[in-house]
Amino acid sequence: MPEKADQVFLLLRDWLVGFLPPGWRSAAGVVLGVIGIIAVFPGLFAITTVLERKGLGRMQNRLGPNRVGPFGILQPIADAIKSLTKEDIVPLNADAVVHFLAPVFLVVVVFMGFAVLPVGRNMVLVNMDSGLLFYFAMGASTEVSIFMAGWSSRNKYSLLGAMRAVAQMISYEVPLLLSSVVIVMMTGSLSLVKIVEAQNQYTWGLPHWYIFTPWGCAAFVMYAVAATAETNRSPFDLPEGESELVAGYFTEYSGFKFALFFLGEYLAMLSISGLGTTLFLGGWSSPLALLNWVPSWIWFFSKVMLSICVLIWVRGTLPRLRQDQLMNFAWKFVLPMTLLNLMVAALWRFMGDGWARWVACSAILLLVYVGAGRVGMRREHFGPRTYRYAE
Amino acid sequence: MIQEGTAFTPQIAESTASGILWLIPALPIVASGIIALLKQPMRKLSATLAIGSLSCSLLLSLFAFGHVLVGWASGAAVRETVNFTWIQVGTAHVDLGWILDPLAAVMLVMVCFVGLLIFIYSTGYMAHDENFTRFFCFLSLFAGAMLGVVIANSLLLLFMSWELVGLTSYLLIGFWYQKPSAAAAAKKAFLTTRIGDVFFLLGMVWLFAQTGTLLFYNAGMGSMEALKLGGLLATPAGLGLTAASAIGLLIFAGAAGKSGQFPLHVWLPDAMEGPTPVSALIHAATMVAAGVYLIARVYPLMQAGVQLSASGEAIGSTVALTVVTWVGAGTAVFAALIAVAQNDIKRILAYSTVSQLGYMMAGLGMGGVAVGMFHLITHAFFKSLLFMGAGSVIHGCHEEQDIRRMGALKIDMPWTFITYAVGMLALCGFPLFFSGFWSKDGILEAAQHWSVAKSPFYMLVFGALLTAFYMTRQVSYVFFGNYRGHKEAHESPPVMLLPLVILAFFAMALGLIGTPVWPWFRAFLEGHAAGFSVTGFSEPGFLALMATSSIVVLLGLVVAWRIYGNKPIKAEDPDALERAMPTIWTLLEGKFYIDELYGATVIAFYAWWARVADWLDRRVWGGIVTAVAWLFREGAQLSRLFDMNWVDGGFDKGCEELASGGGLMSRIESGRVQIYLRLLALAVVLLTAILIWSSRG
Amino acid sequence: MSFVFWLLAAITVAGGLAAVLLKNLVHCALALTVVFTGLAFLFLQLDAQFAGFAQILVYVGAVAILVVFAILLTRSSETPKDGGVFSRTWGVGLVIAAAVFAVLGWAVLQSETGLPHETAVPNVTVQLIGNALMGRYVLPLEIVALLLTAAMIGAVIVAMHEKGDAK
Amino acid sequence: MTVFATPLAGYLLVAALLFAIGLAGALTRRNAILVLIGIELMLNAANLNLIAFWRYMPHPEALTGMMFAIFSIAVAAAEAAVGLGLVISIHRHAKTTDLDEMNRMKG
């Protein structure tokens, strides 16, 4: 019975596809999968928004949305209706075409990222041999759309926001990649499915998730930081810092396009936490061997939502950085740390089994992370900001 | 007396104790390295580092000591060595190594313990010095080096540490280098010991040449073991000496240099320019004892070739040992005499140190390792006690060192007084309750039974008398009578008193391990069981000996007390003895004018030689150099003329040609990228076309 | 010669034309990204997954952004005052380009008969590529790594404010 | 809809066309950045060639062409970085990115 519950969606798909002539089945299967993704994740997006608004409300000692529906849980629907019915304003001297293309492109690219995430046992749209690479390729492409949005709306806030966003995303893409490469090194494969399966083993009923190894843990910390920056979440939310530039690159957007941007952002958040879950938290594998009967997709989604909650918590807690601090942090701290972690992982690989490598690797990492952390985050590194134009 | 070496059942087996032995010197050295990097204001940290590392060493050495003790208790005398090859040149190889045997173990514990106490004491004494950190850096470097000397199993390693010790002593004597006197003293110490060390080096090289190894013990192949010693005895060295005794003498010269034996003693009193803890640590307890320790180490060599009676008693002695004895005894009396007429509290102690070292040497020469070492240990304790007491007196009297400007301090600083008194009695060898008595008795006994000559015995007895005399004089000057200083004296802080108390305790207690009733120490060193025999006292003539020495000591005390005791005197008026016999007094006060003698002979000669060399440099070599330089300059002039008139013309022509040619070519260089790109593209077109044509045909 | 290929080719070429012809440089850059993406998909057509994704990651993610940054930093997005975005002697350039194309096309058509026909799809896993990179091609890899480092540092140095330069 | 005897030829022609376009851009535009864009186009055309040959020539598992392409992508990235850096610094000094005005190095 648990197997059935686990594979319920696949069974459903096959049953539906069964009605079609054999030639079309595979294609139809893919289509169904796409539909599934397009249906599920926006749903999660809706949940996330209300979760975030209420959570932040609690953290800031207020109620948050509480009018629409019981406890305001129907708020997202109201928002959707509102943003769909709003007038769509395009600035007079904006670059209309680009201005239109930007949000569409963003959403498309973000959705494509989900194609390679295994959301459950055998539940992945395309089991690509180089899935991770694909994911990062898609992630990189979002920058273009953000730039398009910022530049096309002919507004200095938008442009500044876009520039900041792009610079920040490029800077944090490097540590993001490097911290994931560790996992690739260990699994010996870029395929996310393989990565999850590599983590889906147990000793004494405890899972072999990568976060439970020294290098994995370190990489996870760095990944978390980089991911937060990559999705422009606070404390890295300079690109849309309300206090500085009205709403960053989508200042000039309204109505449906604005909604698309909003959607895109939250989807990016979901997908990047999905990737983190896949890489470090064992994807859809259950945290305890004896909980294996619980359907795998439940595990995946609960992990994702958990990390989303952490993101919300962080947003409610930390103040915003300054641009130069951001950059310093990326290049002078996070990057070297990930590189070091790479070497430690190599060391781990070559020390072979046994407790020795645990001691050695954890010792190195602890030493350097704590020590370098203290030194690297000293005050003077965040001195007065200096600007560089090419005037 | 029992033969060392033979009594031992050498046991090379590696044990953790000997495995980790190297850590003992390594820790303080590392600590000093770290301290050297610290900034000046980081006083606490540096002190903590130094003390911490040394206490770790102390623990380790206690562990090692315990290991040896256990081994000894179980019958097998421990001698564990760890050797390794340092340099490999062809077939010849120089080995280093360290050793763990009773001798080393005892020394380790002593050095660490006294050193630790003195470190603690210095935190108080140097509290106001702005170079606190530097001081501790040097201090713990010294400690490390000294421990290195102790554990060395290779004459070479020992020599390295030996030199390191010399260096640190130089640094520490000259610690207050602002004072010209201190700087001079440091230099003097360095050079004087160097003289000894040169001989030492010679001896070492010779030994290596003869035996091919510098290891002391190496499973029968060491230079201190029967095999090689036999070889040494076989080879004659001229002057009727065997190589063994010749090398022994050379090494002893080195020892004499460090331990301030007679001709080379001059540096030790001057070394008192250094801070008092330094004097206590280096120039009383440890470094100066290094010489004695060295002799003890190479004792088999010194003793090689002595005939033995059936009972293992040595009949007669070797040349080396005889020399050691005579020098020692001579120094003992000589220094004691000088000490009588000194007025600087530390100088008196310094000379007494010299004379006590003489005792040790004599003890080694006549009585064997145990006797000398026992006195070394006890002396280390009570002499460092005395020095630290003196330090606290000086501290209390606001850096006043002249005993004529002190007095009546027993009221102002009672603790210092009590401990100092204990130390003084121990040094005098007050009967029964003080360690000095037993150790000195051991030496006297050995002297009494010495089969070569009797006069050393009498010299040493006389020395004992003098010792009692000058110590009493000093004490009564310092602590009794009326206060003759200017500023009010005050007691020192507890951090300085605590070590004093501890040392005082040991100055009394240590005697117990060396009484004839229970000669534990000797037994331990010589590796046979320690028998407890009440009959120890009633050995033939021993009671008489004890009586004599006690009487002598008491005599000295009484006489001195009669002369100096509790008299209200002024700082200016001359010394009682001086009134009695002025000529001798002046001679003594002038330290027999040894320094002046050296100044007139050796130093004068060197000065003259330096002048000659200087003259040579200026006139002869300098002249040649200038001449050569002139020649070259002229040559250069010539070639320059040649260049200007002949070569350059040709070059100019060529350059003009090139320039005009370049002008022609530069037409193409329009400076516009796209033009170049076009040319490139055209080239591509042409090449491809040609390719295709060729492929078609 | 599938339909997909033609479609992709058309998109790519159109993007290329746009990239060189459009007046506004930012539009050019965006067209350039179109070209890059099209090429990536062509790579996928050629069963070169890894190369395709690398193409997107590097070109769309990095190079295009770089170009855009450069455009904005040098304020060359607004068209020059005198209008013309083409150089005075653009005709010559065009002719030469045409010549190059003619020659290349000619070459292709010449050798077409000799070209190999449809072959089986090579199954090249990322594993294989990785092994090759770490094995046979490790030296070039290292050199490229060095080159990239040098290029990065060089670019920073070149583009940085000189402290001394008088403004 | 087969125009050519082999699929390879199609890829080659597309590559050639791209190359020509890039070259034209590099030759005719005035803006330095656009010249760089043209060069990028040419590089990509070359990459397409390499991949195509890798795919259709014998022994694709030897990966020669593929590796060539990957390395050339890396090198292209470096080239772009340095080139744009140069353009920026030139712009700083000459206050222009117009190549017609950049002829200060004429001989």
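**Figure 1. Packing of helices α16 and α18 in chain B of a predicted model.** Helix α16 (residues 369–396) of chain B packs against helix α18 (residues 414–428) of chain B at an angle of about 145°. The axes of the two helices are 9 Å apart. The crossing of α16(B) past α18(B) is left-handed. On the α16(B) side, the contact is made by Phe382(B), Lys383(B), Leu385(B), Leu386(B), Gly389(B), Ser392(B) and Val393(B). On the α18(B) side, Thr416(B), Thr419(B), Tyr420(B), Gly423(B), Met424(B), Ala426(B) and Leu427(B) take part. Sorted by class, the residues of this contact are 8 nonpolar, 5 polar and 1 charged.

**Figure 2. The largest nonpolar core and the surroundings of Leu460(B).** This core has 216 residues. The residues with the most contacts inside the core are Leu108(B), Met146(B), Ile295(B), Leu460(B) and Ala507(B). Helix α4 (residues 102–125) of chain B gives the most to the core, with 17 residues. If neighbours within four places in sequence are left aside, Leu460(B) is in contact with Ala329(B), Ala332(B), Tyr359(B), Ala362(B), Ile443(B), Leu444(B) and Ala447(B). A second, separate core has 194 residues, and among them are Ile146(A), Val68(C), Ala159(C) and Phe19(D).

**Figure 3. Chain C and its helix α2.** Chain C has 6 helices and 0 strands, and its elements follow the pattern α-α-α-α-α-α along the sequence. Of the 167 residues in chain C, 40% are buried. Counting contacts in chain C between residues at least 6 apart in sequence, 54% join residues at least 24 apart. Helix α2(C) has 21 residues, so at 1.5 Å a residue it should span 30 Å. The end C-alpha atoms of α2(C) are 30 Å apart, which agrees with that expectation. The helix α2(C) is mostly covered, with 16 of its 21 residues buried. After α2(C) comes Asp47(C), which has a positive phi, near 60°.

**Figure 4. The contact between chains C and D.** In this view, 72 residues of chain C are in contact with 68 residues of chain D. On the side of chain C that touches chain D, the elements giving two or more residues are α1 (3–21), α2 (25–45), α3 (49–73), α4 (90–111), α5 (126–134) and α6 (138–159) of chain C. The helix that gives the most to this side is α3(C), with 11 residues. By class, the side of chain C that touches chain D has 56 nonpolar, 12 polar and 4 charged residues.

**Figure 5. Chain D and its helix α1.** Chain D has 3 helices and 0 strands. From the N terminus on, the order of its elements is α-α-α. Buried residues account for 62% of the 107 residues in chain D. Among contacts in chain D between residues at least 6 apart in sequence, those joining residues at least 24 apart make up 50%. Helix α1 (residues 7–28) of chain D has 22 residues, so at 1.5 Å a residue it should span 32 Å. Most of α1(D) is covered, with 19 of its 22 residues buried.

**Figure 6. The contact between chains C and A.** Here 18 residues from chain C and 19 residues from chain A take part. On the side of chain C that touches chain A, α2 and α3 of chain C each supply at least two residues. The helix α3(C) gives the most to this side, with 11 residues. The side of chain C that touches chain A divides into 12 nonpolar and 6 polar residues, with no charged residues.

**Figure 7. Ile77(A) and its setting in chain A.** Ile77(A) lies in helix α4 (residues 75–85) of chain A. Ile77(A) has 13 other C-beta atoms within 10 Å, so this residue is partly exposed; an exposed residue would have 12 or fewer, and a buried one 20 or more. Val50(A) is 27 residues away from Ile77(A) along the chain, and the C-alpha atoms of these two residues are separated by 10.0 Å.

Key: Residues are numbered from 1 along each chain as its sequence is written. Chains are lettered from A and ligands numbered from 1 in the order in which they are written. This is a predicted model: local features need pLDDT of at least 70, side-chain atom pairs count only at pLDDT 80 or more; totals for chains, interfaces and linings use all residues. Helices (H or I, at least four residues) and strands (E, at least two) are DSSP runs, numbered from the N terminus. The expected span of a helix is 1.5 Å times one less than its number of residues. Two residues are in contact if their C-beta atoms, placed from the backbone, lie within 7 Å. Ala, Val, Leu, Ile, Met, Phe, Trp, Tyr, Cys and Pro count as nonpolar, Asp, Glu, Lys and Arg as charged, and the others, Gly among them, as polar. Axes are lines fitted to C-alpha atoms, for helices over the stretch in contact, and angles run from 0 to 180 degrees between N-to-C directions. A crossing is left-handed if the near helix is turned anticlockwise from the far one by less than a right angle, and right-handed if clockwise. A nonpolar core is a set of buried Ala, Val, Leu, Ile, Met, Phe, Trp, Tyr and Cys residues joined through C-beta atoms within 7 Å.
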